Structure formats: structure tokens, C-alpha cells
Amino acid sequence: MISTWRKKRASRRSNSKKQIEEKTMELLMVPSHFKCPISLDLMKDPVTLSTGITYDRVSIETWIENGNQTCPITKKVVKTLEPIPNHTMRKMIQEWCVVNKDYGIERIPTPRIPVTSDEVTVILRKIESCCKLQQGSESSRELVMKMRKMIKESTRNKRCFVANGAGKILSSTLLDFTEKSSVYEVETMEEILSTLTILLPLDGESKSILGSKSSLNCMIWFLKCGSLSSRRNSVFLLKEIMRMEETWRVEELLKIDGSLESLVKLVKEPICPTTTKASLLTIYHMVNSSQLSNEKARSKFVDLGLVELLIETLVDCEKSICEKVLGILARICNSQEGRKRANNYALTIPVLIKKLLRVSDLATEFSVSILWKLLIEKRDNVVLINEALQVGAFQKLLLLIQVGCSENTKEKASELLKLLNLHRGEVECIDSLDLKNLKRPF
């Protein structure tokens, strides 16, 4: 009798619970006119097209960016591709969210109104006119600051500025300031550099303007004398310019006092990982080619002690930095001076062997290439070969061929194995050196 009563009571409770849940689901049903016709989700930033249909901004802008010029519902061609914010609909959705907050519905925030092409054009024209009329740098700086704030608000704003040629205008403005001003307008230029880095990647025309002699001088000046943020922004832009791999740009940089020293300093005294990577990529592009200017750059970097610095950096660094460092070393070791400095440094062979099969395929290929350049040329240097054998070079190269690698790397590894095999009986192999706790001297 008691058990039957308990069962009925439990059944009634479960039925009432189901009714509450069903009622809650009914209450939480999003009204259809609050849903975006494209995503079918609650609209967070409702906008209306010229056809009168309301969509969520993200959905309709994605639709337009894909090349569509018609309304998804009516299929009519829209008169303007810039939708109008529907404030009435947004307020209704916000009120509905507040009413249903007890059910876990959060009120959608009031979105910032994105800039239009007309507003962007007005700002860019003002910046140009301020520079041409040589008005006070304060007004120019305020305009650039306003522009940077708008760009950072949303990716849509950034796309709008990029589409209207903001990169070219800012690059030209920086060039005008450096050529016309007897004294650098430091604060204004810092704002321009900062805004240009937000607009990355830049178009070819903007990079050509930034690659001019005056602009390069300005960026190197900031690299040497600027604040941490200015140095960071300058090296980001230099990396972008040097990607074009034009020989004359390398020549221009070589003519500027302290340019190479500033890049090396960013590796030696890092600001942040992204800055270090940007500096390494800039150096890589400067030493990558076999042109005369690139050979001069390699020679100067060697004189600055870059080889030893890069080897010490390899001791403890992340994968991305390791690959870039090895890439630079592989290019520097194309020169006689570079190979000599690498061979004379005690850590070179142990560190390179340590990186085999431990970082990535690219790092392994670079390491094999460097070892091949160092050991094959010095095939009579028994001390160097014995050092490689002691830290396990033979075993690792043999394993690399068994595991598999590119044909070029395989050929080099095979040549190294033949060379090392001639001296295997002379030394005993020891475990690879543990370099984890090795302290860097700077």
C-alpha cells in the first residue's frame, strides 16, 4: 500500500516537472521575427537592406562579401551594399532578453555602428590635407589616433579602411613627414607606424612607399632610439618590406648606420616572441639570396657575432623561432666566414645534432644542411668529426634515413654517414649533451 502511494507520488512529481520544462521551452521560444533569415539565430546586430528585409549584420555582410548583390529572401538586386542599422528591432530584442533573464537569456550588448566608406574617405582626405598644408602635427596625430581606434573596433572597419587605400595614404604621409620635416615628428610618426601594423598585410604599393630611402631611415631611427612599441612596430614593417626580396632594398639598409646592429639587438635582447620572429625573418630575407648585396649583409652579420648568438638562441627556444634561426644559419654558412665562425664555436655541433628529429621536419632539413656544409668541407678535421661522433651524429643520421626525409636531405645525410663511418672506430659514442639547463651568457 505504502509502495503504491510512493510510486503515484513520484509519477505526479515527474509529470509536473515535465510540464514546467515544456512551459519553459514555450516561454524561451525565440520569436521568428527576432531570428536572422540566414543563420536562423537570434540577431545581435539587426540591419535592414534596401529591400526592407532585416538580417543579422555578420550574416548579411558575409553574404555580400561572397559576391552576392541580391537580397537572399526577395532575390532583388540591392540598391546599396551598406545595410542600415535597425535600432527599433534591436531594442525589441534587448527588451525580450531582459524579460527572459530568469531563464539564462543574456541581454545582447548595443553594437557599435561600423564606419561607412564615406566616413573613411573623409578621414583619409583630412590626413592628406594636413600633411600637404604642413599643419601642426597635433591635428594629424589626432586624426591618425581616431583612425586607429576605429580600425581596432572591428574587422569590418579594418576591411573598410584597407579597401579605401588607408595603407597607401599612411605610408605616403610617413614619407612626407620624413622628407619635409627637419626634425622628426616623433609622436605623429609613432601613431602612423602603430596604425600601419594594424593594417598588415599591406598592399604592394604601400610596401614600395615604405621601402623608400627616407622611410627606411625613419624606421631604423625608431629601431635604434624609439620606445619598445616603436621598435616593435618598425621591425614588423621592415619584415613586410623585406619579403619583397628586392636587392636594392638590402643595399639601402646596408647604407644606414646601425640598421643591422638594431636587428641583431632585437634577437639578443628580445622584447616579445613576435618581435624576435619578425627580426629573424627580416634577417633571413636579407641573407637569403646569392646577390652581392646579400653576401655583404651575411659578412656584416658574421662580424656582429650573429652566428654565436643564433647558436646560443637554439639552446632553448620554441619551434617557430628554432626553424627561423636554423634557416638563417643555413644561409650564413654558405659563406666561408660563416662556416669558419660556426666551426670555431664549441656549441655548434652539439646543438645541431640535438635538433635532429626533435623539432620539425624543416628544422631537421636545415640542421642536416648546416652539418653537411661544416663537416664535408673540413673532412680532414678529425677533431670536428670526432666531436660529431661523440654526441651521436652517426646514430641520428642513420635513423633519419630509415624514418624518411626529402631526397636532398637524404643525399647529404648519406655523405655525412660515409664520412663519419671512416672514423667510428676511433671514438666511443656518448649520450647527446643535455643543454636544457645551459645558461646563455647575456
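Predicted model: local features only at pLDDT ≥ 70, side-chain atom pairs only at ≥ 80, totals over all residues.
Residues are numbered from 1 along each chain as its sequence is written, and side-chain values use heavy atoms, with hydrogens and water left out.

How many aromatic pairs does a search of the whole structure find? It turns up two. Rings of Phe, Tyr and Trp (its six-membered ring) pair if their centres lie within 6.5 Å; planes under 30 degrees apart are stacked, over 60 edge-to-face, and the rest tilted. Phe-34 and Trp-96 have ring centres 6.3 Å apart and planes at 70 degrees, so they are an edge-to-face pair. This pair ties together distant parts of the chain, 62 residues apart: Phe-34 is in the loop between helix H1 (2-27) and strand S1 (46-48), and Trp-96 is in helix H3 (residues 87-99). Phe-34 is buried because its relative accessible area is 5%. Then there are Trp-221 and Phe-222, whose ring centres are 5.0 Å apart with planes at 85 degrees, so this pair is edge-to-face too. Trp-221 is partly exposed at 29% relative accessible area, while Phe-222 is buried at 0%.

## The whole chain

Stepping back, the protein chain has 23 helices and three strands. Helices (H or I, at least four residues) and strands (E, at least two) are DSSP runs, numbered from the N terminus. Of the 442 residues in the chain, 45% are buried. The chain exposes about 23500 Å², and carbon and sulfur atoms supply 51% of that; the areas come from the Shrake-Rupley method with a 1.4 Å probe, and for residues only the protein chains shown count as cover.

What about contacts, meaning heavy atoms within 4.5 Å? Among those with a separation of 6 or more, 68% involve residues 24 or more positions apart.

Helix H19 (residues 348-355) is mostly covered, with eight of its eight residues buried. Among them are Thr-348, Pro-350 and Lys-355. Which helices do the buried residues of H19 pack against? The list is helix H16 (306-314), helix H17 (319-332), helix H18 (336-343), helix H20 (361-377), helix H21 (382-390) and H22.

Now look at helix H12 (residues 247-255), where the buried residues are Arg-249, Val-250, Glu-252, Leu-253 and Leu-254. They pack against several helices, including helix H10 (213-225), helix H13 (259-268) and helix H15 (292-303).

Leu-357 lies in the loop between H19 and H20 and counts as partly exposed because its relative accessibility is 37%. Lys-75 is not a glycine either, yet has a positive phi of about 65 degrees. Lys-75 sits in the loop between helix H2 (57-65) and strand S3 (84-85) and is exposed, at 58% relative accessible area.

Is the peptide bond from Leu-200 to Pro-201 cis or trans? It is cis, with omega near 0 degrees. You'll find Pro-201 in the loop between helix H8 (186-198) and helix H9 (204-210).

## On the surface

Leu-357 shows up again here: together with Leu-399 and Val-403, Leu-357 makes a nonpolar surface patch of about 260 Å². Patches are made of residues with over 30% relative accessible area and no salt bridge, joining like charges within 9 Å and nonpolar side chains (Val, Leu, Ile, Met, Phe, Trp, Tyr) within 5 Å. A salt bridge is a side-chain nitrogen of Lys or Arg within 4 Å of a carboxyl oxygen of Asp or Glu. Val-403 belongs to helix H22 (residues 393-403) and is exposed, with a relative accessible area of 57%.

One more ring to check out: Lys-412 lies over the face of Trp-372, at 5.2 Å from the ring centre. A charge sits over a ring if NZ of Lys or CZ of Arg is within 6 Å of the ring centre and within 35 degrees of the ring normal.

Key:
Buried < 20%, exposed > 50% of the residue type's maximum accessible area, 1.4 Å probe, protein only. Contact = heavy atoms within 4.5 Å.
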